Amino acid sequence: MRIFSILGLLISVPLLAQTPMDDLFYSSGKIYVVVAIMSIIFIAIALYLFRLDSKIKKLEKEQEE
Amino acid sequence: MRKMWWKILAVVFILYAIVGGLLLPAPDDLGIIQKSIRNLHFHVPMWFTMIILLLVSYIGGIRLLATNNLKFDSMASSFVKAAILFGLIGLATGSFWARFTWGTWWVEDAKLNGAAIGIMIYLAYYILRSSIEDDVKRSKFTAVYNLFAFPIFIVLIIIYPRMAETSLHPASGDTVGFSELDLDNNLRKVFYIAVLGWILLGLWIATLKYRLTEIKRIDEDI
């Protein structure tokens, strides 16, 4: 149920006029949008690496036994 | 998680490089470079990371020859593989940057050709590896190759470009490096952190590859 309320929040964000977030992301020629997207991509890659790390760790543990 | 702090540090540092590199003030008025000066925080660390990974591989090769422990062969080969990845990214980003500053994807330049030959030396390392079937023999042959390859790589990528008479690339031939362009120290505030972050990320990726190679090797021995 919680995921639905988060989704609802995300969908309603564009409907809200001029949030503080809008002020930021519409300013400076929208360069902040680029920053946000690059950050999202990099965080995703980092999360993937962390997952890979823990999977390899599990394999190492299995091998030790 | 065991010793995870430096991996988190890598992520935080690179995020800082992305946000700070794009948003913080920088010398945006440098001739043909303009705002692309901010590539400094991304293109240059690729090469620093490659050099550090190859240094670790070099140490792995020496340790292999000293101990005959095959785990150092896994280390040497995994770090070379990750280093080649960073080298290829360095070539690709450099080529793209060149297109929009020098107007062409590639020029006959000591720095560019040195880097390209340097990467080929390590591609040959892989051809050598795949041509030897026996584990022990392969580990020793490639470690000796590595012993020669690393110093030649450093000469090709750093010393030879500096000795060239002219060059388009910064900090080689007759050109100055970024330290002389960065009068307000604005670039330094991001660059050093960016270099550290990318090196840590490179070490992380290389150790993942190393651990996986070790799991496979031990598995085959059993």
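User: How do helix 4 and helix 5 of chain B pack, and at what angle?

Analyst: This is a predicted model, so keep that in mind. Helix 4 (residues 110–131) and helix 5 (residues 135–163) of chain B pack at an angle of about 175 degrees, and their axes are 9 Å apart. Angles over 145 degrees count as roughly antiparallel, so helix 4 and helix 5 of chain B are roughly antiparallel to each other.

User: Which residues of helix 4 of chain B meet helix 5 of chain B?

Analyst: Helix 4 brings several, including B:Gly114, B:Ile121 and B:Tyr125. Among those on the helix 5 side are B:Phe141, B:Ala149 and B:Leu156. By class, the contact has 16 nonpolar, 4 polar and 3 charged residues.

User: What about chain A? How many helices and strands does chain A have?

Analyst: Chain A has 3 helices and 0 strands, giving the pattern α-α-α along the sequence. Buried residues make up 0% of its 65 residues.

User: Let's pick one residue. Why is A:Tyr32 called partly exposed?

Analyst: Count the other C-beta atoms within 10 Å: 20 or more means buried, 12 or fewer means exposed. A:Tyr32 has 17, so A:Tyr32 is partly exposed. A:Tyr32 lies in helix 3 (residues 31–64) of chain A. Setting aside neighbours within four places in sequence, A:Tyr32 touches A:Leu24, A:Phe25 and A:Ser27.

User: How many residues does each chain give to the contact between chain A and chain B?

Analyst: Chain B gives 14 residues and chain A gives 14. On the chain B side, helix 1 (5–23) and helix 6 (186–221) are the elements giving two or more residues. That side has 12 nonpolar, no polar and 2 charged residues.

Methods: Residues numbered from 1 in each chain as written. Chains lettered and ligands numbered in written order. Predicted model: local features only at pLDDT ≥ 70, side-chain atom pairs only at ≥ 80, totals over all residues. Contact = placed C-beta atoms within 7 Å. Helix = DSSP H or I, 4+ residues; strand = E, 2+ residues; numbered from the N terminus. Nonpolar A, V, L, I, M, F, W, Y, C, P; charged D, E, K, R; others polar. Axes fitted to C-alpha atoms, helices over the stretch in contact; angles between N-to-C directions. Parallel < 35°, antiparallel > 145°, perpendicular 65-115°, else oblique.
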